[in-house]
Amino acid sequence: MFSLNGSSFTNNSLSGVSRCLTQSSRRGVSGPMVVVAAVNSNGKPGDRNVSVLVENSMKESAAAPVEKEIKSTVTGGVGDVYGEDSATEDQSITPWTLSVASGYSLLRNPHYNKGLAFSEKERDSHYLRGLLPPVVVNHDLQVKKMMNNLRQYEVPLQRYIAMMDIQEMNERLYYKLLMDNVEELLPIVYTPTVGEACQKYGSIFRRPQGLFISLKEKGKINEVLKNWPERKIQVIVVTDGERILGLGDLGCQGMGIPVGKLSLYTALGGIRPSACLPITIDVGTNNEDLLNDEFYIGLRQRRARGQEYAELFDEFMYAVKQNYGEKVLIQFEDFANHNAFDLLAKYGTSHLVFNDDIQGTASVVLAGLMAALQLVGGTLSEHTFLFLGAGEAGTGIAELIALEMSKQTGIPLEETRKKIWMLDSKGLIVNSRMESLQHFKRPWAHDHEPVKDLVNAVKSIKPTVLIGSSGAGRTFTKEVVQAMATFNEKPIIFALSNPTSQSECTAEEAYTWSEGRAIFASGSPFAPVEYNGKIYASGQANNAYIFPGFGLGLIISGAIRVHDDMLLAASEALAEQVSQENFEKGLIYPPFTNIRKISANIAAKVAAKAYELGLATRLPEPANLVAYAESCMYSPAYRSYR
């Protein structure tokens, strides 16, 4: 977390950490049963907790449930009789036969529906005869069919909507589809397509995928959280929609971001879907187009600020801990700068919080720079960095780079920061501007004459690394890239802004204008580029490399706080995954086809650091953390139902 005194991201002097791990018993029910009625927690008809059961087998007579102890197969994981996999806390288990009706209702429950993959025996046992065509297909054929259907759509947003439909129909098919075709589908469920989905979220909204908490719920947030059907939440991604990607204030329609992020937590990081909760905090929007849009689904008022906003968020954070405990990870996503830093500073010492825009982006970019050193030589401290954009992403990346340089060299952080320069909308950040600078920009003000534009800043500073986090498209012009190439044999150029339309330059522009010498990475994906008969495959500095494995590492260790060293550990783990074969292709990030393995290695390094720092509560520490992380990861494989 970014510290207001500029010392580090997070509070590095936590004390009084409890290192005890509580074990809870789990109960199961023998015999296949089917729900015919349910009551909610208030004893009224509903669908929250099951209370009335009837026999679901012609071979067995009706009988009272027989309780038995279900043992955990992995320390800290879950022994799960119905296939909800690990990466979770010890908890009470309700077998699927106690929480899902058979027959037509079973086919309409995305958590347990298998579609045509139900076996002949399952169709008999669960009253599915006649509700499905006679053919029985396997999981792989279902994936093949769905991919064939998805490829018929030429418009990315149509594919996004089709993926939403699959998720709402058959959860395990959705995640297997995404995991088996991650490189093709990641741009659909995440950037860049998710940006367009957020812009049109009011029109494509179908059914709740998360919780909407607005000013109308002030004073009732604790009860609102109880309306979510899952009780054992471990990861929350929350946004207030004020700065969605590079698209600005999308208000309530920013929900697409938490939904997309948590899909990746499951598919790439192995966190079970039922442990993930997307939340949008709706305090209004200043987007006039949305306020005048008849299809807008959020509060039709201008954004609340100040005390009203702070009180709502305080209530939310308190309610989250009250409902889900000390170890629930709260990921802040796409907040505007003025809130992003303040929220991280305010709650970093009392909650397990993580800002992906500040910390996740920083970690993935640092990993790319570490890998790039294998191609350009030298150490981090021997390079000079220039940033276009001094918001939460830019300053977050800069701080983590400075921390890593300080760690490697032993040079004080205040000195390593002097290797890093920043340019905002008013020009180069220099000491003469100090009084007018926001607090998070002040550590980056150095002695230099004022410079207004990027081209002259490049010529004056002569950076070896140029990083764009401005949200302003096509700002790395031909003159800028050519200037970088005049004093660098291999200029490192990162155009990080999302979506693709907001990227500071394209891969083709970077390679062409640098005569094929640039080491290029972007926030959104670009196709390979051919220049002078050579193919250049650019890297994608995608946060999806970091946050799924980072979150898994926090969960498997039972961490209660995020520490700077965990972010550095994640960067090092990712950089280590880049192979010589990748380097030969000019890549500084590994392919996403190996992302589950990458996430497991990141999780292991993060968990190890949590144990080292005394911030882990899941004891004892496993002997092989990589193997343990892999064993805890959710699998979308179908399970056989009795």
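1. The structure holds 30 salt bridges, each a side-chain nitrogen of Lys or Arg within 4 Å of a carboxyl oxygen of Asp or Glu. This is a predicted model: local features need pLDDT of at least 70, side-chain atom pairs count only at pLDDT 80 or more, and totals for chains, interfaces and linings use all residues. Residues are numbered from 1 along each chain as its sequence is written, and side-chain values use heavy atoms, with hydrogens and water left out.

2. Arginine 243 pairs with glutamate 392; their closest N and O atoms are 3.3 Å apart. Arginine 243 sits in the loop between strand S6 (235–239) and helix H11 (256–269), glutamate 392 in helix H16 (residues 392–409), so the bridge ties together parts 149 residues apart in sequence. Helices (H or I, at least four residues) and strands (E, at least two) are DSSP runs, numbered from the N terminus. Arginine 243 is partly exposed at 25% relative accessible area; glutamate 392 is buried at 2%. Cut-offs: buried is under 20%, exposed over 50%, partly exposed in between (1.4 Å probe, protein chains only).

3. Glutamate 399 bridges to arginine 417, with 2.9 Å between the closest N and O atoms. Glutamate 399 is in helix H16, and arginine 417 in the loop between helix H17 (413–416) and strand S11 (420–424). Both ends are buried: glutamate 399 at 0%, arginine 417 at 6%.

4. Glutamate 612 and lysine 609 form a salt bridge at 3.3 Å, N to O. They are three residues apart in helix H24 (residues 595–613), about one helical turn. Glutamate 612 is exposed at 59%; lysine 609 is buried at 15%.
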